[in-house]
Amino acid sequence: MHQKKLKKYLFLWAVGGSLYYSFEMIFRGFSHWSMFLLGGICLMFFEFQGWCVGWDDPMWIQVLRSTIFVVACEFITGIIVNKWMDWKVWDYSDQPYQLFGQICLPFAVLFSGLVVLGILFSGMIGYWMFGEEKPKYRIL
């Protein structure tokens, strides 16, 4: 991997982790270092998926693809940190349409809104900070 790409993805990881950790601190009053890792991975994915298709896919397809990625990562992370490690970082057992208390439909919908912002932001980071072509987002 080129050094510039490595710097970009490390930057995206740090920003994504910081933003998600901060978001949880503001709205939940606490977070966990594993959420920093997860937030960073997700922001990197948002930029990567856009780059792979040249930002040409309609936004709704990018959001759907990225939301599936986020929810899958949350499930895997939850199984590891909450079930295997027993760290009790979160529990959605009291939420409707939940799976093993690790993911649930209401939070998947909430995350899809954050995904929109993450896709827009990650694409613009490449443009603003790394001199890449400005993404041209399409709704349909």
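Tutor: The part to examine is the loop between α3 and β1, where Lys 88 is found. The model is a predicted one, and what follows should be read accordingly. Lys 88 has a phi near 55°, a positive value in a residue other than glycine. Most residues other than glycine have a negative phi. Lys 88 has a relative accessible area of 60%, over the 50% cut-off, and therefore counts as exposed. Asp 86 lies in that loop between α3 and β1 (98–99) as well. Asp 86, not a glycine either, has a positive phi of about 60°. Its relative accessibility of 45% makes Asp 86 partly exposed.

Helix α3 itself (residues 59–84) holds Glu 74. Glu 74 is buried yet forms no salt bridge; the nearest side chain of opposite charge, that of Arg 28, is 7.8 Å away. Beyond its neighbours within four places in sequence, Glu 74 is in contact with Leu 38, Trp 90, Tyr 92, Gln 102, Ile 103 and Phe 111. Among these contacts, Trp 90, Tyr 92 and Phe 111 belong to one aromatic cluster, together with Tyr 20, Phe 23, Phe 27 and Phe 107.

Across the whole structure there are 13 aromatic pairs. In one of them, Phe 11 and Phe 130 have ring centres 6.2 Å apart and planes at 65°, so the pair is edge-to-face. This pair links distant parts of the chain, with Phe 11 in helix α1 (residues 3–28) and Phe 130 in helix α4 (residues 105–130), 119 residues apart. Phe 11 is partly exposed at 30% relative accessibility, whereas Phe 130 is buried at 13%.

Notes
Residues numbered from 1 in each chain as written. Predicted model: local features only at pLDDT ≥ 70, side-chain atom pairs only at ≥ 80, totals over all residues. Heavy atoms only, no water. Helix = DSSP H or I, 4+ residues; strand = E, 2+ residues; numbered from the N terminus. Buried < 20%, exposed > 50% of the residue type's maximum accessible area, 1.4 Å probe, protein only. Lys, Arg positive; Asp, Glu negative; His and termini not counted. Salt bridge = Lys/Arg side-chain N within 4 Å of Asp/Glu carboxyl O. Contact = heavy atoms within 4.5 Å. Phe/Tyr/Trp six-rings, centres within 6.5 Å; stacked < 30°, edge-to-face > 60°.
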